[in-house]
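Notebook open, structure on screen. I'm jotting down what I look up as I go.

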Amino acid sequence: MTARTGKCLCGAVRFEAEEVATEFSACHCDMCQRWSSGPFFSTTVGKVRFTGEKNLKRFRSSEWAERGFCSVCGSNLFFRVLEFADHEVCVGAFDERNDLVMTGEIFVDRKPDGYALAGDHPRLTEKETLEKYRGLAG
Ligand SMILES: [Zn+2]
Ligand SMILES: [Zn+2]
């Protein structure tokens, strides 16, 4: 768990994150695929402070969650369950990400057959994911 900085593609939105988990997961749910053009790689962040907040657009993607992105360049920045303080921040948005390690996949049975992520880690199906997160994943 370390603090680190990040930004969108154009730099209009920047952030400082604290309590950053160095292990992250890939989500293959239908919403994440549509949003990310593939798996959504995100790591859990306990605290995050944004600058350029006026360029940060929050999209309410479901009754219980929102997704944040830069309204200038369109870079996706985070997913967040509304009732939690934690943000699931996009791995690619961090300035330093070489030490972040993927340790799991969720909704793996929703993944298209044409690609697969390497590595020996847990791969939860949609049913297993929903059971684990009590319906809050997605
Ligand atoms: Zn931007
Ligand atoms: Zn997802």
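I started with Tyr-115, which sits in the loop between strand 9 (101-106) and helix 2 (126-133). Helices (H or I, at least four residues) and strands (E, at least two) are DSSP runs, numbered from the N terminus. This is a predicted model, where local features need pLDDT of at least 70, side-chain atom pairs count only at pLDDT 80 or more, and totals for chains, interfaces and linings use all residues. Residues are numbered from 1 along each chain as its sequence is written, while chains are lettered from A and ligands numbered from 1 in the order in which they are written.

Is Tyr-115 buried or exposed? It's exposed, because it has 8 other C-beta atoms within 10 Å. (Buried means 20 or more such atoms within 10 Å, exposed 12 or fewer, partly exposed in between; C-beta atoms are placed from the backbone.) I also checked Gly-38: its C-alpha atom is 9.6 Å from that of Tyr-115, though the two are 77 residues apart along the chain.

Next I looked at strand 3 (residues 23-27). Four of its five residues are buried, so the rest of the structure largely encloses it. Which way does strand 3 pair with strand 9, parallel or antiparallel? I found parallel, over five bridges; pairing takes at least two DSSP bridges. Ser-25 has Gly-104 as its bridge partner in strand 9. With strand 4 (residues 40-51), strand 3 pairs in the antiparallel sense over three bridges, and there Cys-27 is bridged to Phe-40.

Last, I listed contacts of Cys-27 (C-beta atoms within 7 Å, placed from the backbone). Leaving out residues up to four places away in sequence, Cys-27 touches Cys-32, Pro-39, Phe-40, Ile-106 and Phe-107.

Terms used: Two residues are in contact if their C-beta atoms, placed from the backbone, lie within 7 Å.
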